[in-house]
Amino acid sequence: MADTSSRAGGVYFSPEILQWTAATHAAHDPALAAAFDAPDKAGMPRIQVGPSEGKLLHLLLRLCGAKKVVEVGTLAGYSAVHLARALPDDGRLWTVEADARHAEVARQVLRDAGLASKVEVLVGRGAEVLPTLERHGPFCAVFIDADKESYDVYGRWAARHTRPGGLLLGDNAFLFGELLGATPRAEVMRRFHQEARAAYDTVCIPTPDGLLVGVKR
Ligand code: SAH
Ligand code: DHB
Ligand code: MG
C-alpha cells in the first residue's frame, strides 16, 4: 500500500505473480502437497488457505513462540499442517471440525505428515467444542476459519482464552467481498473485527481473502 493506486484498493498482484511468489517462498514439500490436494481427492470443497497464507500462519506462530494453539475449521488439515509444524515438541494443536468425514480425512493427512502426536482433531460445532478445551488454556493463538456466521462467537471465546501476547488469526475477514453488506453474516463479521480491535492490537492484512491478525493485550 504505497501509492495512489494501491492506497485506493488497486492491487499489483496477478495470478502469475502470486504463483511465482508462492513457489519461491511457500513451496510445498510432499506432506504439504498431499494435504493441499486432499480436499479435491476426497470430494470436499477446495477452500483451504492458499500456500502463502498457510506459510504466513506458520511464521506468525513461530514469531510468538506458540505452544498451545486452537483452530476452528479443519477441512482436510492443510492449515493444520502449517500450524502444527510451528510448534515445539511439547506443543499442541486442537482443531475443531463439524463434518465427521472432513475430520477423518484430516486425521489421515496429519498421520501421513507425522504430526498425529501433536494434533487433536475434535468433531463437533465450534460453539459446542470450544468450551471443552478451556481446561487446556490459556492458548497462544486461535485461528478461526469455520462458519462465517459464528466468527463473533469464536472471536469472543478466543479473547477470553488467549494469553497476553498471543494471536488472533481470522481467515476470510473480507467475507468474500460482502463485509460491508447488510446481511446478518456481514454484521457478524464486522462485529468480529470490532470486538477483536477492543481486546487485541489488530490489523486486517489484505491477503486475497483478508486475514485479521491480533496480538492480545
Ligand atoms: N482451515 C482449513 C479450511 C477450513 S474450511 C484449511 O485452511 O485447510 C471450513 C471448515 O469449517 C469446513 O471443513 C467446514 O466443514 C467447517 N465448519 C463449518 N461449520 C463449522 C462449525 N460450526 N464448527 C466447526 N467447523 C465448521
Ligand atoms: C469458504 C470457507 C472458507 O474458509 C474459505 O477460505 C473460502 C470459502 C466457504 O465456506 O465457501
Ligand atoms: Mg477460509
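A polar contact is a pair of N or O atoms within 3.5 Å; within protein, one must be able to donate a hydrogen and the other to accept it, and residues adjacent in sequence count only if both atoms are side-chain atoms. By that rule, a backbone N or O atom of Val49 lies 2.9 Å from an oxygen atom of ligand 1, in a predicted model. Residues are numbered from 1 along each chain as its sequence is written, while chains are lettered from A and ligands numbered from 1 in the order in which they are written. In this predicted model local features need pLDDT of at least 70, side-chain atom pairs count only at pLDDT 80 or more, and totals for chains, interfaces and linings use all residues, with side-chain values taken from heavy atoms and with hydrogens and water left out.

**Ligand 1**

- The shell around ligand 1 has 22 residues, with Gly73, Ser79, Glu97, His102 and Asp145 as the closest, where a residue is near a molecule or strand if one of its heavy atoms lies within 4 Å of it.
- By class, the shell around ligand 1 holds nine nonpolar, seven polar and six charged residues; Ala, Val, Leu, Ile, Met, Phe, Trp, Tyr, Cys and Pro count as nonpolar, Asp, Glu, Lys and Arg as charged, and the others, Gly among them, as polar.

**Ligand 2**

- Around ligand 2 stand Ile47, Asp145, Lys148, Asp171, Asn172 and Phe176, which divide into two nonpolar, one polar and three charged residues.
- Oxygen atoms of ligand 2 take part in several contacts, among them one at 2.8 Å with a polar side-chain atom of Lys148, one at 3.1 Å with a polar side-chain atom of Asp171, and one at 2.8 Å with an N or O atom in the side chain of Asn172.
- Ligand 2 exposes 290 Å² when taken alone, and the protein buries 64% of that.
- Asn172, which lies in the loop between β5 (162–170) and α9 (184–199), has a phi near 60°, a positive value in a residue other than glycine.

**Pockets**

- Rolling a probe the size of a water molecule over the atoms shows where empty space is left.
- On a 1 Å grid over the protein atoms alone, a pocket is an open set of points with protein on both sides within 12 Å along at least five of seven lines, whereas a cavity is a set of points where a 1.4 Å probe fits but cannot get out; lining residues have an atom within 4 Å of a point.
- The largest pocket is the space taken by ligand 1 and also the space taken by ligand 2, a molecule being counted as sitting there if more than half of its atoms lie within 2 Å of the grid points.
- The volume of the largest pocket is about 700 Å³, where grid points are joined across faces, edges and corners and a volume is the space filled by probe spheres set on the points.
- Lining the largest pocket are 37 residues, of which Ile47, Gln48, Val49, Leu75 and Asp145 lie nearest its centre, and the largest share, three residues, comes from α3.
- The second largest pocket holds about 410 Å³ of space, and of its 17 lining residues the closest to its centre are Leu18, Thr21, Ala22, Ser52 and Glu53.
- Six residues of α2 make it the element that gives the most to the lining of the second largest pocket.

**Cavity and cis peptide**

- One cavity of 30 Å³ or more is counted, and about 40 Å³ of space lies in the largest cavity.
- The largest cavity is lined by Asp152, Gly155, Arg156, Leu168, Phe192, Glu195, Ala196 and Tyr200.
- Gly137 and Pro138 are joined by a cis peptide bond with omega about 0°, and Pro138 lies in the loop between α7 (126–129) and β4 (139–144).

Methods:
Helices (H or I, at least four residues) and strands (E, at least two) are DSSP runs, numbered from the N terminus. Accessible areas come from the Shrake-Rupley method with a 1.4 Å probe; for residues, only the protein chains shown count as cover.
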